[in-house]
Amino acid sequence: MTQTSVPAAPTKPRTAEMHPGPGFRVRPRPVCPDAALISALAAFPTPAISDQLNRLYTLAAGIRPVTSSRSLVGPVCTVKVFPGDNLMVHKALDVARRGDVVMVDASSSGMTAVLGDLVSTKARHRGIAGFIVDGLVRDLPGIEALGDFPVFARGITPIGPLHRGPGEINGPVSVGGIVVHAGDVVVADENGVVVLPSEDLKGTLERLLERQAEEADYVAAVARGDFSNAWVDNVLREAGVSCQPYDASGA
């Protein structure tokens with residue numbers, strides 16, 4: 001009597017299995033920057049800070065405030081998620097410290113929201129200052145109901161995320177085209193979002209204070225209408241461009 005062979009059970013490819021290590025880990029939180037420096041930087045608008053960072057540390061304009069609360073300052077806790085997933089955003093609620101801003105690198109994905117009102121409510125209870133997301137969020141009415149919890153993102157969708165991973169916390173991320181490290185400081189307002197590297201906080205603040213003092217008289221003069229654009233003509237002449245000087249008489 002012949003035996004009928006039983007087909008081998010199909011095996012699942014292992015190429016998509018997740019494992020701990022690069023891409024799926026929680027890194028230690030760096031030392032928090034000096035609170036006094038952060039408080040002093042909060043007094044300056046993002047355009048002034050961007051100028052002192054040579055205009056190279058400002059997030060892409062697509063990341064905008066989606067809440068009526070539009071002022072956000074603090075040290076950064078970074079999160080990188082797989083597009084469509086937010087497992088590590090949930091874990092960041094346990095890792096971030098009070099006053100931190102959680103910045104989420106979702107690869108600019110338009111697939112699903114990264115967080116909504118429940119995550120925001122939990123974050124507010126933990127003392128997290130707010131979220132900046134290179135991706136989408138949802139449940140905006142519920143977030144707004146918190147009253148004073150700023151969220152910046154690329155947009156809004158009703159589609160929720162999965163909770164599987166992978167992802168990283170406190171590793172380097174790319175948010176709005178800028179490389180951000182845990183412990184950097186972010187300043188965000190209605191103009192946009194700037195990131196200050198942690199090692200440059202003191203020097204940037206010194207330049208901001210110096211520039212503020214230098215420009216005080218000039219700003220006041222412009223407010224009175226007392227200014228000259230002669231410097232523009234000088235630049236044009238140096239470039240070989242003929243120009244007609246301003247005639248104050250209007251003739």
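These are my notebook entries on a predicted model of a single chain.

**Ground rules.** I number residues from 1 along each chain as its sequence is written, and my side-chain values use heavy atoms, with hydrogens and water left out. Since this is a predicted model, local features need pLDDT of at least 70 and side-chain atom pairs count only at pLDDT 80 or more, while totals for chains, interfaces and linings use all residues.

**Overall form.** I looked up the secondary structure and found 7 helices and 13 strands (DSSP runs numbered from the N terminus: H or I of at least four residues for helices, E of at least two for strands). Next I checked the radius of gyration: the chain has 25 Å, whereas a compact globule of 251 residues would have a value near 18 Å (taken over C-alpha atoms; the globule rule is 2.2 Å times the number of residues to the power 0.38). Along the principal axes, the C-alpha atoms fill a box of roughly 115 × 45 × 35 Å.

**Burial and contacts.** I noted that 40% of the 251 residues count as buried (under 20% relative accessible area; exposed is over 50%, partly exposed in between, with a 1.4 Å probe and protein chains only). Of the contacts between residues at least 6 apart in sequence, 77% join residues at least 24 apart (contact means heavy atoms within 4.5 Å).

**Cysteines.** My search for disulfides gave 0 (a disulfide is a pair of cysteine sulfur atoms within 2.5 Å). Cys-32 is in none, and the nearest cysteine sulfur, that of Cys-77, is 11 Å away. That distance is too far for a bond.

**Ser-50.** I found Ser-50 in helix H2, which covers residues 46-52. With 12% relative accessibility, Ser-50 counts as buried. Leaving out residues up to four places away in sequence, I see Ser-50 touching Arg-55, Thr-58 and Val-194.

**Val-79.** My last stop was strand S3, residues 72-81, where Val-79 lies. Val-79 is buried, at a relative accessible area of 0%. Not counting residues up to four places away in sequence, its contacts include Met-88, Val-102, Asp-105, Glu-168 and Val-173. I also took a C-alpha to C-alpha distance from Val-79 to Leu-205: they are 27 Å apart in space and 126 residues apart in sequence.
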